[in-house]
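Reader: I have a chain open here and would like to go through it with you. Can we start with the overall picture and then go into parts?

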Amino acid sequence: MVEHTDEAIRAYVAPGGRVEPSRLVNLPTLVMPELGDGEPQIARVGRIENLVLSGSDYRFRFVPNPAVPEIAITQIEAAAQHLGITDWEFVRTHWAVKDVDLYRVLNETVTGATPAPRAFRLPIEAPREADLVAVMMPFDARFDPVYEALDAAAADAGLRCHRADNIWVHDHIMDDLISLIWRARAVISDFTNKNANVFYETGIAHTLGRDVIQITQSVEDVPFDLRSIRSVPYLANGEGFLRLREQVADRLRDLVARSRVL
């Protein structure tokens, strides 16, 4: 563990000589086998989740990035210098942490430029936050009680909730929206009143592979293409908000439980 890792990085990821899982999970990760004979060998790029120490072994779940195809080990060998990988590392099973921008190096030296949106930039350097729920809804005070119910539902499931107007990190609100969706474990979209912005943001969330919980005060407000996906209907009153909280909390608990099993 953390062999072939610079001392400064080792001190950060393994303070006191013991690996701190929270400093490794969600980092951009390259996974590949040792070099050997037989079938052509491939590497995958993604992230690590659920890293735990079990006895003397570390167990984890690797989540491949669907936007990055499998990479031949020979291509990784050719880019080894740019990735900070030495020859010995190709024949040694270990986990190294490198001071390298993995996606930039792969795009420039291995895979070539990958398709990317032109209207905004994806913050691929930002890790996914396993306890973050993003809420997409109209910026309208009438939806404040709805958000309060969703915030409570997230808390009931052991998660935390944000919507874009709660955040001001970038000058452009679109950058904050994309960052929120990118980092989120799940997205809740309120289709009430057929808000065009919510539809657009939901499409981005689907494209990025986020779990989306659809809610609405009227099923007629759900776009035809999305009616095949279950939505949570609710009434805009005290009883309706309580029921919405219960249903969304149940769904969030299911998503959390499923991620632990996977």
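Author: What follows goes from the whole chain to its sheet, a hairpin and a surface patch. Keep in mind that this is a predicted model.

Reader: Fine. How many helices and strands are in the chain?

Author: The chain has eight helices and nine strands. Its C-alpha atoms fill a box of roughly 65 × 40 × 40 Å along the principal axes.

Reader: And what percentage of the residues count as buried?

Author: 40% of the 262 residues. The chain exposes about 15100 Å², and carbon and sulfur atoms supply 51% of that area.

Reader: Now the open sheet. What is the strand order?

Author: E6-E5-E7-E8-E9, five strands with parallel pairing. Strand E6 (160-163) and strand E9 (231-233) are the edge strands, each pairing on one side only. From one strand to the next, the twist averages 25°.

Reader: Which helix packs on it?

Author: Helix H5, residues 144-156. H5 touches strand E5 (132-136) as well as E6, E7 and E8, and its direction makes about 150° with that of E6.

Reader: Take E7 and E8. How many bridges join them?

Author: Five bridges, between residues 186-190 of E7 and residues 211-216 of E8, with the two strands running parallel. One of the pairs is Ala186 with its bridge partner Asp211 in E8.

Reader: Where do side chains point in a regular strand?

Author: They alternate between the two faces of the sheet.

Reader: How many residues sit between the two strands?

Author: Two, and E2 and E3 form a hairpin. Gly55 in that turn has a positive phi of about 70°.

Reader: Last stop, the surface. Which residues make the nonpolar patch?

Author: Leu35, Trp88 and Val91, and the patch comes to about 280 Å². Trp88 lies in the loop between helix H3 (80-83) and helix H4 (102-109).

Reader: Why does Trp88 count as exposed?

Author: Because its relative accessible area is 53%, and exposed means over 50%.

Reader: Back to the whole chain for a moment. What share of the contacts is between residues 24 or more positions apart?

Author: 61%, counting the contacts with a separation of 6 or more.

Technical notes. Residues are numbered from 1 along each chain as its sequence is written. This is a predicted model: local features need pLDDT of at least 70, side-chain atom pairs count only at pLDDT 80 or more; totals for chains, interfaces and linings use all residues. Side-chain values use heavy atoms; hydrogens and water are left out. Patches are made of residues with over 30% relative accessible area and no salt bridge: like charges are joined within 9 Å, nonpolar side chains (Val, Leu, Ile, Met, Phe, Trp, Tyr) within 5 Å. Accessible areas come from the Shrake-Rupley method with a 1.4 Å probe; for residues, only the protein chains shown count as cover. A salt bridge is a side-chain nitrogen of Lys or Arg within 4 Å of a carboxyl oxygen of Asp or Glu. Helices (H or I, at least four residues) and strands (E, at least two) are DSSP runs, numbered from the N terminus. Buried means under 20% relative accessible area, exposed over 50%, partly exposed in between (1.4 Å probe, protein chains only). Two strands pair if DSSP finds at least two bridges between them. Axes are lines fitted to C-alpha atoms, for helices over the stretch in contact, and angles run from 0 to 180 degrees between N-to-C directions. Contact means heavy atoms within 4.5 Å.
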